[in-house]
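Here are some notes on the model we discussed.

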Amino acid sequence: MATDAPPPSKGGTDPVTPSTEAYREVQESAEFGELRRAHRSFAFPLTIAFITWYLLYVLLSNYAGGFMGTKLFGNINVAFVFGIAQFVTTFLIAWWYSKHAAAKLDPKAEAIKSRLEGGA
């Protein structure tokens, strides 16, 4: 028999949800603006660089077939190396972002969160 009741809370009391005004105050705070700037100053340039790198790969594949078909060694050509480099670049950016987030973003976000939840 299913019920629509929510599961019981672990602490015995339900957490208080901060008010809309509290969220607005946080959003307008200098600390939140600094958090956004820290995220954007990392994410936007890397996004633009990666999209440019990806489009270069696509354009070279479409319009520079001779260059992309140049054999480097064995059956490995420039297109294959560029294709593998796309995957490597993706993983490197993800790793770099996780390091950046852990060092710069997470501590600021946690401070904002704890203050918001503590003041609710």
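Which residues form a nonpolar patch on the surface?

1. This is a predicted model, and the points below should be read with that in mind. The nonpolar patch on the surface is formed by Leu72, Phe73, Phe80, Val81, Ile84, Phe87, Val88, Phe91, Leu92, Trp95 and Trp96. Together these residues have about 1,200 Å² of accessible area.

2. Two elements each supply at least two residues of the patch: strand S1 (71-73) and helix H4 (78-118). The most comes from H4, which gives 9 residues.

3. Trp96, one of the patch residues, is found in helix H4. Its relative accessible area is 46%. Trp96 is therefore classed as partly exposed, because exposed would require over 50%.

4. How do helix H2 and helix H4 lie, and at roughly what angle do their axes cross? H2 covers residues 30-63, and its axis comes within 10 Å of the axis of H4, with a crossing angle of roughly 175°. The two helices are therefore roughly antiparallel to each other, since angles over 145 degrees count as such. In the contact of H2 with H4, the residues divide into 20 nonpolar, 6 polar and 4 charged.

5. How many salt bridges does the structure hold? There are 2. One of them pairs Glu31 with Arg115, with the closest N and O atoms 1.8 Å apart.

6. Glu31 is partly exposed, at 27% relative accessibility. Arg115 is also partly exposed, with a relative accessible area of 48%.

7. A salt bridge is also formed by Lys108 and Glu34, with 3.1 Å between the closest N and O atoms. This pair links distant parts of the chain: Lys108 belongs to helix H4 and Glu34 to helix H2, and they are 74 residues apart.

8. Are Lys108 and Glu34 buried or exposed, or in between? Lys108 counts as partly exposed, because its relative accessibility is 25% and buried means under 20%. Glu34 is partly exposed as well, with a relative accessible area of 39%.

Key:
Residues are numbered from 1 along each chain as its sequence is written. This is a predicted model: local features need pLDDT of at least 70, side-chain atom pairs count only at pLDDT 80 or more; totals for chains, interfaces and linings use all residues. Side-chain values use heavy atoms; hydrogens and water are left out. Patches are made of residues with over 30% relative accessible area and no salt bridge: like charges are joined within 9 Å, nonpolar side chains (Val, Leu, Ile, Met, Phe, Trp, Tyr) within 5 Å. Accessible areas come from the Shrake-Rupley method with a 1.4 Å probe; for residues, only the protein chains shown count as cover. A salt bridge is a side-chain nitrogen of Lys or Arg within 4 Å of a carboxyl oxygen of Asp or Glu. Helices (H or I, at least four residues) and strands (E, at least two) are DSSP runs, numbered from the N terminus. Buried means under 20% relative accessible area, exposed over 50%, partly exposed in between (1.4 Å probe, protein chains only). Axes are lines fitted to C-alpha atoms, for helices over the stretch in contact, and angles run from 0 to 180 degrees between N-to-C directions. Angles under 35 degrees count as roughly parallel, over 145 as roughly antiparallel, 65 to 115 as roughly perpendicular and the rest as oblique. Ala, Val, Leu, Ile, Met, Phe, Trp, Tyr, Cys and Pro count as nonpolar, Asp, Glu, Lys and Arg as charged, and the others, Gly among them, as polar.
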